[in-house]
Each structure stands twice: as C-alpha cells, then as structure tokens.
Amino acid sequence: MAAIAESPSTELQGEASGYCNRDEWHCGFSDELCLTIVVAGASGDLARKKTYPALQFLFQHGFLPSNVAIIGYARTDMNDDKLREKLKPKLVGSDDDIDKFLKRCTYVAGSYDGAEGWQGLAKVLDKRESKCSKNPAGRLYYLALPPSVYPQVCAGLKEHCDNLRSVEGSWIRVIVEKPFGHDLQSSEQLADQLGKLYPEHQLYRIDHYLGKEMAQNLFVMRHANMFLAPVWNRTCISNVQITFKEDFGTEGRGGYFDTFGILRDVLQNHLAQMLAMVAMEKPLSVHPDDLRDEKVKVLRCIKPVEPHNVVLGQYTAANGQPGYTDDPTVPDDSKTPTFAAVTLYIDNDRWAGVPFVLKAGKALNERKAEIRVQLRATPHFVFNGEPESMRNELVVRLQPDEAIYLKMIVKKPGLEFDAAISELDLDYSRRYPEVDIPDAYPRLILDSIRGDQQHFVRRDELRAAWGIFTPLLHKIDAGEVEVHPYPYGSRGPAEADELLARADFVKNVAYDWKEPGGSKL
C-alpha cells in the first residue's frame with residue numbers, strides 16, 4: 001500500500017519555522033523518504049508491548065516507506081540479536097513476516113545522561129543517511145521512557161543527533177508518552193524544558209485514546225450528520241457520561257499507579273480528551289490546529305472541579321481477589337483512589353447546566369470504555385409508559401466490541417399501541433467483518449510520520465486540562481477528600497450512583513441489547 005505523497009515545500013516550511021499556511025496544509029510523505037525511527041527505551045515493556053508491535057503492523061501493511069530502519073536505544077547491554085529475541089514473542093504473523101520486520105530492527109546501547117551513547121547513535125544515523133544523501137531524511141524519536149528522563153534524553157538527542165542534512169523535505173520529530181507531569185505546575189515545567197529543545201511543531205504528545213477508531217468516528221459522526229446538529233445542546237441533552245472501567249486491579253504495578261492515582265492516570269488525559277471531542281464546536285477544517293483550537297476553547301470553559309461533585313474509591317479484597325493495599329508494591333496506608341466519578345460543567349452557551357460525568361475505575365464488574373449522551377425525556381408523552389425511564393440515548397462504545405447505537409422509542413410489536421425502547425446499532429464486527437481495526441498506536445505513529453498533529457495533545461490543551469483537575473488533586477494529596485471502599489468486582493462505591501442521580505441520569509427500563517452471540521452489551 002503506497003504512502004500518501006507530500007508537498008515538500010509545505011513540509012520544509014513547517015519544519016523550518018513552525019508555521020504552516022493552513023490553506024496549503026497537507027500531510028504525508030513520499031516513498032523516497034529515508035526514514036529512521038529511534039526507539040529510546042527499547043528494552044522496556046512499553047516498547048516491547050506497544051511500540052514495536054505498532055511499527056510491525058505499519059511495516060507489514062505497507063504504510064512505511066521502503067527505506068525504513070528502526071534503531072533501538074537503551075541502557076541495557078545487548079546486541080541486535082538479543083533485541084530481536086526479546087521482541088519476537090509480541091509480534092504477530094508468519095515467521096517470514098516477523099523476520100522481515102526484525103531485520104529492520106537494530107540496537108545501540110548507551111546511557112541517557114552522557115555524551116558517549118548519543119554520539120554512537122549519531123554515527124549510526126549519519127552512516128545510514130549517507131547512503132541516500134540525495135533523498136529527504138526523516139528522524140522520528142519515540143521516547144518509550146518515563147517522563148522524568150525526557151529532558152535529559154531530549155537534550156542528548158538535540159546536542160548530538162540533530163545534525164540532519166539540509167535536503168528539502170527532511171524533518172525531525174519527537175513522540176513523548178504520558179503522563180505529562182503530576183499537576184499544572186509540573187506539567188508546565190516539563191513543557192518549558194522540552195520546548196527549549198524542540199518547538200511545538202516537532203513535539204507529538206501521545207494520548208492513545210485519540211487514536212482509537214471510535215474516538216475518531218465520534219468526530220466524523222458529530223460534524224457530518226445534519227440530524228444531530230439541532231439536538232446537540234443543553235435544550236435537548238440532559239447529561240453526558242464518559243466511562244472507563246477495568247475488571248482487573250493493579251496486578252503488581254501498584255507502585256507505579258500509587259504515585260498517580262486514577263485521576264491523573266485516566267481522567268485528566270483520556271476522559272478529558274473525550275469530553276472535548278463530544279463538546280467542541282465544529283472546526284473550520286481538519287487542519288490539526290483548527291481542530292485543537294476548538295478543543296482548547298471548550299476545555300477553558302470548564303471550571304475547576306468542586307469536591308462536592310467528586311466521588312473517590314479504593315477497591316478492597318473480595319471474590320477471591322486481593323485489595324489494592326494487598327499489592328506488595330503499595331503502602332499499607334495508601335489512600336490513592338482507584339475509582340473516581342467527577343461531574344464537570346461547561347460554562348458556555350451550548351452546554352450551560354449540562355452535567356458531564358467522567359467515571360473511571362479499576363477492579364470493577366466489567367471492562368468497557370464508552371460515551372453515553374442521554375437526551376431529556378419527551379414532553380407531552382401520549383403513550384403508555386413513563387417517559388422519564390424511556391429516554392433517547394446515543395452511545396459510542398470505544399472498547400471492547402466497537403459500536404455506535406441509538407436508543408429509540410418505537411411501537412412494541414403486537415396488537416396493542418404500546419411504546420418500547422429499541423436500538424439502531426452499528427456493530428463494527430458485524431458491519432465490517434473483513435476490516436482489521438488496528439490498535440491506536442499504529443495510527444498515531446503513522447500520523448507522526450505524515451506530520452499530522454491532529455490527534456496529538458498541544459501544550460495549551462494540556463494546560464487547560466490540568467487547570468480543571470489540579471486544585472482537586474492537591475486536596476486529594478492532602479487527604480481532604482474522602483476515599484470510599486468498594487469490593488473487587490463491584491460497580492464501585494454506592495456514592496457514585498448518587499452522583500449520577502444528581503446529574504439527572506436515568507437508567508432506561510427493560511433495556512437488554514445483545515450481540516449475536518448472546519452476551520449483553
């Protein structure tokens with residue numbers, strides 16, 4: 001599959017100055033590109049489980065230029081063969097397909113805080129690119145590392161590995177993983193440190209939820225369908241729920257999780273991004289900055305969270321499963337929340353007074369991520385039944401079993417004239433059985449190679465999101481917000497249901513949508 005051709009003049013203009021005329025904007029690359037992807041932290045779990053499998057997907061499906069090399073860099077002392085042996089169990093496909101990909105993968109060992117390792121990497125890069133000196137070169141630095149080392153890693157790359165020759169269409173870009181700080185102050189400090197080394201147009205902050213198929217479908221569905229436009233406001237919509245549930249606990253990663261908690265780990269980034277996608281105005285175009293401008297606007301309209309609009313929880317041992325503090329990596333007296341439900345309000349004309357409930361938790365009764373937009377009850381309901389318990393809903397299921405469905409009130413089959421809830425549904429596995437929906441990471445890595453920042457987080461966007469949650473986070477860290485226990489495998493603290501009730505959420509009666517196999521969605 002051929003890659004999309006790019007406009008070299010536009011690409012060079014953007015890389016040289018950080019400015020790109022939005023009317024002339026185009027993303028892509030030519031197959032002549034000499035692409036080198038450097039995976040810093042190549043020996044770690046993130047690289048092994050996510051980064052390299054994503055790169056393999058792109059390689060096998062023909063989305064990378066023919067002249068591509070992937071260089072792993074880390075402190076671990078190993079050679080090319082050891083790296084390939086470490087990566088192979090997480091790759092998919094035939095042995096021949098896997099071997100073809102692994103031949104593109106090499107390794108350079110070096111420290112993150114000294115010059116010698118980076119100088120060794122620079123020599124490898126220069127030698128590789130000297131073989132195609134007339135072609136444009138692209139260097140993509142993927143930092144599969146803890147954010148605490150981003151400044152020194154970026155400083156090493158900038159000082160020793162940024163000697164890219166001046167061929168039209170050449171570029172350097174840096175992908176960084178969350179978390180981007182612990183609060184507004186630390187996020188701004190990190191942004192300042194990275195911004196002094198790489199300007200905003202070269203930085204690609206990954207929030208993998210923005211790469212999910214259904215998150216991107218939400219954007220198209222909202223802004224391309226005329227029938228949704230008149231109802232997408234406070235007049236018709238009662239409340240919005242954005243939910244992230246996991247049916248497992250920290251499972252040995254409690255030490256990492258305990259330093260962040262569920263608000264920093266999920267709500268401040270993933271769910272806040274989904275809220276912005278639901279609530280934003282239609283952008284002028286799909287230019288990355290047009291889209292991100294609208295997300296920033298709506299995030300800046302959200303006031304900081306008030307404690308009375310928050311329910312926190314921490315799971316306890318139940319159903320044969322250990323509690324959070326039973327994890328040996330978690331302090332016995334930890335008050336870190338593993339569950340949070342937060343009600344936010346957007347102070348603008350479209351959404352004034354509409355509750356947006358963000359809910360996330362570990363060790364719950366199921367695994368799912370979805371957006372649920374509930375409309376107000378139908379006025380002057382002339383049919384049998386209670387209108388308050390028969391509300392229209394639009395649901396976008398991000399995972400598992402990607403789907404979009406609309407709850408409609410229809411006539412119940414039979415001789416009587418009774419109303420009932422039914423669904424208009426788009427189940428992706430049934431509608432597109434031949435399509436292999438990729439994970440978010442291949443999509444986002446491909447976007448970064450094409451130079452498309454549409455699904456990456458801009459600095460002012462990050463600042464606005466942290467501004468919403470930072471005052472609450474400081475209160476939680478000071479022990480000023482109660483953390484309620486809930487049993488492993490439950491729906492979470494009972495207090496969260498009370499929060500939903502205050503947000504005017506009503507569970508529809510007799511609702512039992514089932515997929516073909518019979519399991520309830």
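UniProt positions are given here in the numbering of this structure, feature names are shortened, and annotations may be inferred rather than shown by experiment. With that understood, the unreviewed UniProt entry places the annotation "domain: Glucose-6-phosphate dehydrogenase NAD-binding" on residues 38-217.

The model is predicted: local features need pLDDT of at least 70, side-chain atom pairs count only at pLDDT 80 or more, and totals for chains, interfaces and linings use all residues. Residues are numbered from 1 along each chain as its sequence is written, and side-chain values use heavy atoms, with hydrogens and water left out.

I begin with the annotated stretch. Helices (H or I, at least four residues) and strands (E, at least two) are DSSP runs, numbered from the N terminus.

Six strands form an open sheet in the order 3-2-1-4-5-6, with parallel pairing; two strands pair if DSSP finds at least two bridges between them. Its edges are strand 3 (105-109) and strand 6 (203-206), each pairing on one side only. Within the sheet, strand 4 (residues 137-143) and strand 5 (residues 171-177) are joined in the parallel sense by six bridges. Gly 138 stands opposite Trp 171 of strand 5.

Finally, I turn to Phe 383. This residue is found in the loop between strand 11 (368-375) and strand 12 (393-399). Phe 383 counts as partly exposed because its relative accessibility is 38%, where buried means under 20% relative accessible area, exposed over 50%, and partly exposed in between (1.4 Å probe, protein chains only).
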